[in-house]
Amino acid sequence: MKWFRRRKAEDTAPAHLPNAREAAQRFWERWFELVPVVSAALGDGEPHRVEDELRALVHGLHPDLLFSLEQGHLAMYALVVTGQEDPRLRPYTDAWIAAAPPADMVWEFHDSVPPVPDPTEVVVNLGEVKMRLGDFRIVAQVDGEVVDVAVYHPALGELTEQQRQTMTFLPLDVTLGERLAGERLRRVETAQLEPEGTISLLELRSLVRTLAHVSGD
C-alpha cells in the first residue's frame, strides 16, 4: 500500500486545467482498456509493472492527483484517486467517482483514502523501524466542531523529518478516512514525549464520528 500526506491548500495549480467531466470520461475509457493488464500484474504480485501507465492515466485526469492500489474492503482490489482534500481538486475527484463503474468482486473505487476497519492491526515498516499503529497515542482537544490533536509513538524520534510527518498523518487518515480527517481535524502536531491524557486511535475514531454526527454530517 502507498499512503500520502495531506496536500497543503496553498499549493499552486497548473495554468491550464482539463474539463473535469471530459477528463473523467477519458480516464474510464482508458481504464477499461488497461484493467486486464493491471489485474494480471497485481495477481502476479508485481504492481510495479503498471505503475507508469497508471501514473500517466491519473495525470491525465489532473496532474496534482495522487493514486494508490489497495486491498479492497469488499472487492479484491481498490483503486484510490485522491486530491488529499484540496478544494481545487474536488471537481476532478467528484467527476471521476461519479463516472466510475459499479464495484464488483475484483475492483472497487474510492475518491479519498478510506478508513481501515481496525487500524490497530496495521504495522508499517520504515526500513529497520516497524511501527504498530496500535501503539500510537493521541491527545485530542475538541473546539466546537473541530479537533486539535497531538500524535505520539515511541519510535517517531527514530525517523527522518519526512518519515515523521508521514507517520503523524497516516494513523489519522487510516483511522478516520482521509475525508473525515480533513473535515474534522484542525491542528495536527507530533508529540516528542508521551503526553498525559492520551487516547487510542479507536477512541479518537469514536470521538470524531460522534462529533460529526452531532453536528449533522
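Before the first entry, a convention on handedness: a crossing is left-handed if the near helix is turned anticlockwise from the far one by less than a right angle, and right-handed if clockwise. I also note that this is a predicted model, where local features need pLDDT of at least 70, side-chain atom pairs count only at pLDDT 80 or more, and totals for chains, interfaces and linings use all residues. Residues are numbered from 1 along each chain as its sequence is written, and side-chain values use heavy atoms, with hydrogens and water left out.

**Entry: helix 4 and helix 6**

I take helices (H or I, at least four residues) and strands (E, at least two) as DSSP runs, numbered from the N terminus. Axes are lines fitted to C-alpha atoms, for helices over the stretch in contact, and angles run from 0 to 180 degrees between N-to-C directions. Helix 4 (residues 161-176) and helix 6 (residues 201-214) have axes that come within 9 Å and cross at roughly 55°. That makes helix 4 oblique to helix 6; angles under 35 degrees count as roughly parallel, over 145 as roughly antiparallel, 65 to 115 as roughly perpendicular and the rest as oblique. Their crossing is right-handed. For the contact (heavy atoms within 4.5 Å), I listed Pro 171, Leu 172, Val 174, Thr 175 and Leu 176 from helix 4, and Leu 201, Leu 204, Arg 205 and Val 208 from helix 6.

**Entry: helix 1 and helix 2**

How do helix 1 and helix 2 run, roughly parallel or roughly antiparallel to each other? I found that the axes of helix 1 (residues 20-43) and helix 2 (residues 51-61) come within 9 Å and cross at roughly 170°, and the two are therefore roughly antiparallel. Among the contact residues I noted Phe 27, Trp 31 and Leu 34 of helix 1, with Leu 54, Leu 57 and Leu 61 of helix 2.

I then turned to an open sheet of three strands, order 6-7-8, with mixed pairing; two strands pair if DSSP finds at least two bridges between them. Strand 6 (137-143) and strand 8 (185-190) are the edge strands, each pairing on one side only. Ignoring direction, neighbouring strands here are turned by 15° against each other on average. Strand 6 pairs with strand 7 (residues 146-152) in the antiparallel sense over seven bridges, and Val 142 stands opposite Val 147 in strand 7.

**Entry: helices on the sheet**

Back to my opening pair: helix 4 lies across strand 6, strand 7 and strand 8, and runs at about 140° to strand 8. Helix 6 packs on the sheet too, touching strand 6, strand 7 and strand 8, with its direction at about 15° to that of strand 6.
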